[in-house]
Amino acid sequence: MTSFSLRPVAPPDLATLLPLMADFYQHFGYPYDPAAQQAVAADFLAHPEWGVLYLLEDGGQTTGYAALTYGFSFELRGRFGLVDELYVTPAARSQGVGRAVLLALQQQARAGGLVALHLQTEPGNPRARQLYESLGFADDGRRNLTWHR
């Protein structure tokens, strides 16, 4: 890594962001609809109270993206962040980009008064889990249950 930064996505950046999202979804086998993803990303950008999308940049090269969304927990007594998506391009992996992103998001969370950061990982991704745990993320022993409309 030379000069890593997180840059908030603006509407003109969607042309850069969306192919990265497509790669992320393909990597994990998630369904991806380009038109729907563009619409939801544009809607998200129009509502900064929902969170922030970032492009990861290193030495002028885009190396991935991160999505930080906000929620509220009575149990935790305040607003929390969810690192909803974190994608590092294959060429930039194993170079400390993921670690740098998460450290920057933790710093922003502290500065922004968030009481916690949550993230998820796939069961078959032990490298990611090892990274997350090395940065203080811990399994809270709970399972996500999801209802879809």
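Let us begin with L86. Setting aside neighbours within four places in sequence, L86 touches F24, L56, Y65, A66, V101 and L102. Please bear in mind that this is a predicted model.

Three of these names return when we turn to the nonpolar interior: which residues have the most contacts inside the largest nonpolar core? They are L6, L56, L86, V101, L102, L105 and L117, in a core of 22 residues. Several elements supply two or more residues to this core, namely strand 2 (51-58), strand 3, strand 4 (78-88), helix 3 and helix 4. The largest share, six residues, is that of helix 3. There is also a second, separate core, which has 15 residues, M21, F44, L55 and A67 among them.

Next, T69, which lies in strand 3, residues 61-73. Is T69 buried or exposed? Its relative accessibility is 19%, and the cut-off for buried is under 20%, so T69 counts as buried. Apart from neighbours within four places in sequence, the contacts of T69 are F44, W50, G51, F80, G81, L82 and D84. F44 in that list is also a member of the second core.

I now come to the helix pairs. Helix 3 spans residues 97-111 and helix 4 spans residues 126-134; the two pack at about 40°, and their axes are 10 Å apart. That angle makes helix 3 oblique to helix 4. Helix 3 passes helix 4 in a right-handed crossing. Which residues meet here? From helix 3 we have G98, R99 and L102, and from helix 4 we have L131, Y132 and S134. By class, these are three nonpolar, two polar and one charged.

Helix 1 contributes L14, L18, M21 and Y25 to the contact, while helix 2 contributes Q37, Q38, A41, A42 and L45. This contact has seven nonpolar residues, two polar ones and no charged ones.

Methods:
Residues are numbered from 1 along each chain as its sequence is written. This is a predicted model: local features need pLDDT of at least 70, side-chain atom pairs count only at pLDDT 80 or more; totals for chains, interfaces and linings use all residues. Side-chain values use heavy atoms; hydrogens and water are left out. Axes are lines fitted to C-alpha atoms, for helices over the stretch in contact, and angles run from 0 to 180 degrees between N-to-C directions. Helices (H or I, at least four residues) and strands (E, at least two) are DSSP runs, numbered from the N terminus. Angles under 35 degrees count as roughly parallel, over 145 as roughly antiparallel, 65 to 115 as roughly perpendicular and the rest as oblique. A crossing is left-handed if the near helix is turned anticlockwise from the far one by less than a right angle, and right-handed if clockwise. Contact means heavy atoms within 4.5 Å. Ala, Val, Leu, Ile, Met, Phe, Trp, Tyr, Cys and Pro count as nonpolar, Asp, Glu, Lys and Arg as charged, and the others, Gly among them, as polar. Buried means under 20% relative accessible area, exposed over 50%, partly exposed in between (1.4 Å probe, protein chains only). A nonpolar core is a set of buried Ala, Val, Leu, Ile, Met, Phe, Trp, Tyr and Cys residues joined through side-chain atoms within 4.5 Å.
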